[in-house]
Amino acid sequence: MSHLNRRQFVFATAAAAVSVRALAQTTSPVVLTLHPEQLGAKVPSNFIGLSYETQQLSDPNFFSTKNTGLIATMEKLAPHGVLRIGGNTSDVGWWKATPESKQPEVHLFREAVGEPSGKQAFAITPEAIRNLRGFLDATGWSCLYGINLGTNTPARAAEESAFVAKTLGAKLQYFQVGNEPDLFKEHMRDPKTWSADKFFDEWLAVAQAIMKVVPSAQFAIPDTSGNPEWYAKVVDRWLALPPAERPKLAALSHHYYFGGPPANPDVNIDRLLKHSEKVDTLAKNITAAAARINVPYRMTEGNTCYRGGKPGVSDVFAASLWAADYALTLAKDGYAGVNLHGGGGDQVAASLGGTLPGEALMKDPKEPHARPFYTPIAYVDGQYVPEPTFFGLLFGQQFAGAQMIGLDFAPGANATAYAAKLANGKMLVAIINKDEKQAVSVNIPGAKDAAVATLTADSLLSKTPKWTGGRDFSRNNAEGKKASSATFDVPAASALMVRF
């Protein structure tokens, strides 16, 4: 397991894995040219986030000030992150307003593999929401709150929303009504009649009921599994409403998993570390839809392999490099943020109908192991432990609050680069070398007296990533700091960050 300690937050000196050399060296580095005049997206300070199943609220003490271990770990990840509460279980949860409240009927159209059933229904109590507010205050994070659409009524949704809005106050960014409604055809609704139009009709009824009791309520829509056709449709429907009847939209949202399920042989490290054209398609479509109504857009749930992750892929250093690269790709594409899914293994298993499919791939399913396999933060032996995807998010967190800028970079290897201008005028450059065999030598003109940080591990299969940086880089004392430019070695399967 990868433990986060003080040493991993202290800047590496010249003895670190990266070397900084003057131009007189005999190597032939690739030149990385920055274009500060080419201003890109501003990365929000709350760009980095985590996604948890709503069923975590069935234990009121989970998101509470009592859970000091989780609070401390989330604070180390980001000082102003975003906690998204939703997932499959959000559509089988019910609001238990008083101890006497009875569970309503939880009706699904049919049972489906990888989806929760009525057996996974659970209660959300006022105590859980009050404790959630304390948890958010303690972490400095805000919240995206999922409301049941699949097995709910507008009246019950409004009652829950009123209490959530009043209790969370400024910590509530917006509501999401329904989780992955494009997949309701699998289990929640009749596939012969279900469509984006049908979804919008149901969503609108719930949203308008909520607005009657919470006039200031804001929403994100449609929170699909990654169905780009739905963005344009819901925006069309929203724009067709009389202005006075439009629920307030704070964002458009979608999910993204690289692949799945765990048994799929195509879910492997080699494919994970290659660029996915689906990422580009999703960004193109949601950017266009969001521009029509002038709202931001966010990836609110995603990870490496859907249905709980795949051992040997989702829980190793390769996932760190994937998460770092994916987060910065979204930052470059103008997203408001990224929420990687995780949480407790029991809750994610419940969201999938009761089991984690990845366990069938283990030699011993009872072996002590972080579950779910893709979780950024695991609970192991009474402690909260940062897992590989955590370190990828931590790498991306360094860009929070910065403004992306253009660059030229042709490495000749499976490597990517990102650059931004910090609020203090300094430049920040990230190089992620996803190539398992080929190192990359990079010359950055102007990187004088640079500070560096590295994300490394013994191999792509390692479960112990090493992050040598922190939120405040120390000065670098390596040779060549007075040169007008410097060359940086980025070993195979590693990532480097440079600030100057």
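Reply: Happy to. One term to begin with: a crossing is left-handed if the near helix is turned anticlockwise from the far one by less than a right angle, and right-handed if clockwise. Also, this is a predicted model, where local features need pLDDT of at least 70, side-chain atom pairs count only at pLDDT 80 or more, and totals for chains, interfaces and linings use all residues. Residues are numbered from 1 along each chain as its sequence is written, and side-chain values use heavy atoms, with hydrogens and water left out.

Me: Great. What angle do α3 and α4 pack at, and how far apart are their axes?
Reply: The angle is about 45°, and the axes are 8 Å apart. That makes α3 oblique to α4 (angles under 35 degrees count as roughly parallel, over 145 as roughly antiparallel, 65 to 115 as roughly perpendicular and the rest as oblique). Axes here are lines fitted to C-alpha atoms, for helices over the stretch in contact, and angles run from 0 to 180 degrees between N-to-C directions.

Me: And is the crossing of α3 and α4 left-handed or right-handed?
Reply: Right-handed. On the α3 side the contact is made by P154, A157, A158, S161 and A162, and on the α4 side by A205, V206, A209, I210 and V213. Contact means heavy atoms within 4.5 Å.

Me: How does that contact of α3 with α4 split by class?
Reply: There are nine nonpolar residues, one polar and no charged ones. For the classes, Ala, Val, Leu, Ile, Met, Phe, Trp, Tyr, Cys and Pro count as nonpolar, Asp, Glu, Lys and Arg as charged, and the others, Gly among them, as polar.

Me: What about α4 itself, how many residues does it have?
Reply: Helix α4 has 18 residues, 196-213, and reaches 26 Å from its first C-alpha to its last, close to the 26 Å expected at 1.5 Å a residue. The expected span is 1.5 Å times one less than the number of residues. Helices (H or I, at least four residues) and strands (E, at least two) are DSSP runs, numbered from the N terminus.

Me: Which elements do the buried residues of α4 pack against?
Reply: They pack against α3 (154-168), β9 (172-177), β10 (218-224), α5 (229-240) and β11 (248-259). Among the buried residues of α4 are F199, F200, W203 and M211. Buried means under 20% relative accessible area, exposed over 50%, partly exposed in between (1.4 Å probe, protein chains only).

Me: Switching topic: where are the cis peptide bonds joining I221 to P222 and R371 to P372?
Reply: P222 lies in strand β10, and omega for its bond with I221 is about 0°. P372 lies in the loop between α9 (345-351) and β14 (377-380), with omega about -5° for the bond to R371.

Me: What does E359 touch, beyond its neighbours within four places in sequence?
Reply: E359 is in contact with P365, R371 and F373. E359 and R371 are twelve residues apart in sequence and 9.2 Å apart in space, C-alpha to C-alpha. E359 is found in the loop between α9 and β14 and counts as partly exposed, at 24% relative accessibility.
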